[in-house]
Every structure is written in structure tokens, then in C-alpha cells.
Amino acid sequence: MNKHLQLSEVSIDFPTPKGPFRALDKVNLDIAKGEFVSLIGHSGCGKSTVLNIVAGLYQATEGGVLLEDREVNAPGPERAVVFQNHSLLPWLTAYQNVELAVRQVFKGKKSKSEMRDWITHNLELVHMTHAMDKRPDEISGGMKQRVGIARALAMEPKVLLLDEPFGALDALTRAHLQDSLMEIHADLGNTVIMITHDVDEAVLLSDRIVMMTNGPSASIGEILRIDLERPRKRVELSGDARYNHFRHEVLAFLYERQRKVEKIEAPQASFKAQQKAA
Amino acid sequence: MKSTTLSNISTNPGRLLPTRDQVMLIGRSLMLPLIGILLFLFLWFNAARMIHTSLGEFPGPVQVWEQTTNLVTEHQEERQREQDFIARQEVRNAETLATDPQAKVVIRPYTGKPTFVDQIGTSLFTVLSGFFLASLIAIPLGILIGLNESVYAAVNPLIQLFKPVSPLAWLPLVTMVVSAVYVSQDPTFSKSYLTSMFTVLLCCLWPTVINTAVGVANVSKDLLNVSKVLRLDALTHVFKIILPASLPLMFTGLRLSLGIAWMVLIAAEMLAQNPGLGKFVWDEFQNGSSNSLGRIMVAVLVIGLIGFMLDRAMLLLQKKVSWDKNAILR
């Protein structure tokens, strides 16, 4: 398999008053060009940390990341990130948000009219041309996330990093955006790393699901290859035995092998006390 | 901002009389402030009659109204005198030239004393120029401090030290420095103007610096990450991300600064003898005629009104440039 993106022995310590806290320990992962990889795990297991290291926003304490055999040590548009809460600039319209990215990445490479076409093209990919002159506060959460994806795609990234892109959306909007994302991935063949909490989303979209153990010192627990043929249709797959097998595998990992026992502690008690007082 | 204006109350299709709700709304937006003002006038009227000073009774609403009309009349008369003076001069010059075309004619400027209206103009010019210069320094400084924690740590003690200093403490120093440094044969600006302006500047820097810095330091981490991923250069980063994001707090600072500038100005003008409202109050106080207190009271009300209008103007500007049209600005 060709190694487009390599994570080798990636470990990271965060400084705390009690000394360094090891969040990730020896994460090894090779991702091929055009592959769609999901990271799944309980909250706090360091999924976002992995993504941030690939993005260059965090620096690994040990080990490192190679993209096309070059070390990643700073953020850059060839590793575009779609953040969980869209992070569009609220004072710019959808078009201008994408434009900011396009101007920055294609400065001196595209003419003005080429840039305009490229921006419109990317907004078309996410079906947002009808609202491209609206500002983020004038459009819905799903639409904002679409613009966020358009902005990332417009950078022509070598790797597209999605940090729980649909986490804040309702189920219907989420399904809709997942379909869009599959379409885009089929068309453009981007290499994608996506963080998710949603088992169905992971199975439906991914070529491989990387399941992470619980922190501290989180690492990769198991990797599940999803060899369902594409294009995938969610309704057909819901009755498919293989699909349900994969789903079962992920659920078993999350809730049996890596079961996380959340402490049920003080806040609830004090809530009850408040109720009594009232 | 949600507000009910008279224009959208009066649109009442199909009914001639306003509905109960509309009456209530008119009452709220119009009657309550009116009742407040009337109550204040009543209390003022009665309280003023009980205060006797060496310059006579404390001025009540009636005396203040009389002095207001007096001041306006004086202004109009002064303008008339100026026009007459210029007309007489022109006639005289024309006559001189008629008898002797080679004669040198002198055009003398009119040198009457500034009227109340002129003084308002001087005050406004002084405060706005001081405020403008202060903002020119404060906004970049605030951005620098907000961007860099080391700069913040270095500058913060100084800000905290100078922020509470009264304008009256700065004034003697500013006066001496202006006299020493601003030496010219043909000064464009009077020294009293410069002294007042710099005092205003020194006192109104701080709220803008502090609020801008807080605004810049609190720009959302996500937006900063966007900037990093895009590898924006420092200038683009500041102009495309930092400035717009910190605009709301910056304006809070600017409005506080302008309020302080206007308050400081009156004190500065009194002591620096800059021919503005501060000097007007001081001169009337020294003059000590039976009208003086009334005229000072007019100045007090005008100062308040202008301060209010300056703040409203800033608010309008803020609404104009603000990207967050849902924000409640008041």
C-alpha cells in the first residue's frame, strides 16, 4: 500500500501543574491516497489531539507525521481542517469566507476570474450557490457546515481533516451532509480523516475505522476495514448483514472492550438538593 | 435592536383609533421620559428658590431659559457686528482705491470676543481632535498588547498606573512641555488649544487600549486556527481576523474614551484658558454678575446634551460598522 500519510510513534505530553500528562502514546497509522479513515473512541481519548497533530496545530512530543515523505510541523492549507462548529468568519458572506481561503492558497497561481469560478465551483459541490451572499448568522447550522467544507475543499488539500463535522447537527441534516460528503469523496478522491462519535456514520463513510483506546496514554486499539463497495446507500445497507456486522464490531469495541465508566458524581446530587430546596 | 418607533405604531390599517397596545407603547416610549423631565423641572424650580447665594438666587428653569435666549441673541448680534465691520471696511477700502489706485489697502480681521456658540465649536474641535489622536495611538497599542502576552505583561503595570491619573495633575506638566517645545513665530495652533488637547488625549487613551486588548485576546480559538491553517501573514491576520472580531469591544472602549474625553476637556479648558465651554464657565464664575449662575447652568445643560449626542454618534457609527446586526447595542 502506498503511504500517503504516515503517523509513526506519535506521542504527546501536555504540561500540567502535576507534571506532564501523556495524552497519546505511540500512535502508528499509515493512510493511503484517497482513503477515507474515521477515528472513533470515547470522549477524551485523544481523537482530536491526533487530528490536531496531523493539522500541525499541535506538535508531537515524540514521533512525527509524514505527508508525502515530508515532515509536518506547522499548519498549512494542504491539510485543510473542517472544525466542529464551522468556524466561519461571521462578518463575511459564504462566498467571502471561501474567497479568503482561495486568495491565500492560489495567490499568483489563478487569475481573478479563475478564482471566482473556483469559489463558485466549490460552493456548487456542497450545494450552497443559492446562499453564497448570506452571512453565517443568516443560514442554518447544516448550511454553515457545508460552507466550512467548501472552504476546506477549495484549498485543494492533500488531506482533508474533519473534526466531528456533523456533531452539532440534527439527524436528518446530518444524513444529508453525509450523502454530500460521500458524493464529493467519490468525485474528488480526497484523502480524508474524520473524527466521529457516530457508529453509523463511521461505517457508512469509511474505508477503515480506527478505534482508539481510552486515555490517558490513549493509542490505537483496533482497526476495522470496511470493504463495502461504493457507492453506498444508507437505506439498502441498513438491511445488509455485513453492514450490521461492522456496526456490531465497533459497538462491541466501544461498549465491551473499551467500556468507559463515567463517574456519577456531585452535580446530580446538588441538583436534587436544589429541587428539594425549591 | 428591537425598538418601537412612532412610525410603525401609526401604521394601523383598517382602524382609525390606535389599539390599546399601541396606546400603551406610545405611553411607554413617550410619556414616561416626559413625566421624568417634568418632575425634574418641578423639583428644580422649587429647590432653586430656596438656595440663596452671594450672586442671588440659584437659577431655576425660567432664568436658565432666559439666559439661553440671551446667549443666542448675543451670538446673533456679534455676528451682525462682524458683518457690519467687514462691510464698513470694504466700503472704506473701495473709497481709498477710488481716490488713489496705488494705495495699499489693509484688510483687518474682526476681533470680537467669541460667543457661546463659537465656544461650543472650539470645545468640539478640541475634544474630537484629542480623541482622534488618542484612538490612533490606543487601537494599535491595544492590538499589540492583545496579540502578545509578553507585551501585555510589560505594558500592563504602566496602564494601571496612568489610568487613574486626574487630568488636573497632567495639566501643569503638559502646559510646561507645550510652552517649551511648541515654539514658533507663526503658530498654527494656540498653546491653550494644544495643552487642552494633549490633556484630553492622555486621559482618554486607556479605555480604548484596555478594551481593544481584551477584545483581541478573546478572539475565538477556532478563528485563530483558521488563520493558522490558511497561513495568513501577520497583516492579513490582523486586518481580516483580529480587527473585525474585536470590533465590538473596541467600540465599547472608544465610547468610554469619548465620554472621558468630554469630561476632561471642560476641566482642561478652564485651567488652560482654551476658549471653549470650560473657559466660558470659568469666565462667568469670575465675572460674578447676577446672570452668571444662570449662564453657567445653561453651559451645564449644553455640556450634558453634547456629551449625550457624542455618545449617540459613536453608537450610530458602531451600528454602521458592526457585522453582528443582532447584537443589542445601547
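Select Val37(A) and Ile193(A): Val37(A) stands opposite Ile193(A), a residue of strand E8(A). This is a predicted model, in which local features need pLDDT of at least 70 and side-chain atom pairs count only at pLDDT 80 or more, while totals for chains, interfaces and linings use all residues. Residues are numbered from 1 along each chain as its sequence is written, and chains are lettered from A and ligands numbered from 1 in the order in which they are written.

Next, display strand E3(A), residues 36-40, with E8(A), residues 191-196; the two pair in the parallel sense over five bridges. Strands are DSSP runs of E with at least two residues, helices are runs of H or I with at least four, and both are numbered from the N terminus. Two strands pair if DSSP finds at least two bridges between them.

Now show the side chains of E3(A). Phe36(A), Ser38(A) and Ile40(A) point one way, and Val37(A) and Leu39(A) the other way. In a regular strand the side chains alternate between the two faces of the sheet. Five of the five residues of E3(A) are buried, so the strand is largely enclosed by the rest of the structure. A residue is buried if 20 or more other C-beta atoms, placed from the backbone, lie within 10 Å of its own.

Finally, move to chain B and select helices H4(B), residues 116-147, and H9(B), residues 234-272. They pack at an angle of about 140 degrees, with their axes 8 Å apart.

Key
Axes are lines fitted to C-alpha atoms, for helices over the stretch in contact, and angles run from 0 to 180 degrees between N-to-C directions. A residue is buried if 20 or more other C-beta atoms lie within 10 Å of its own, exposed if 12 or fewer, and partly exposed in between; C-beta atoms are placed from the backbone.
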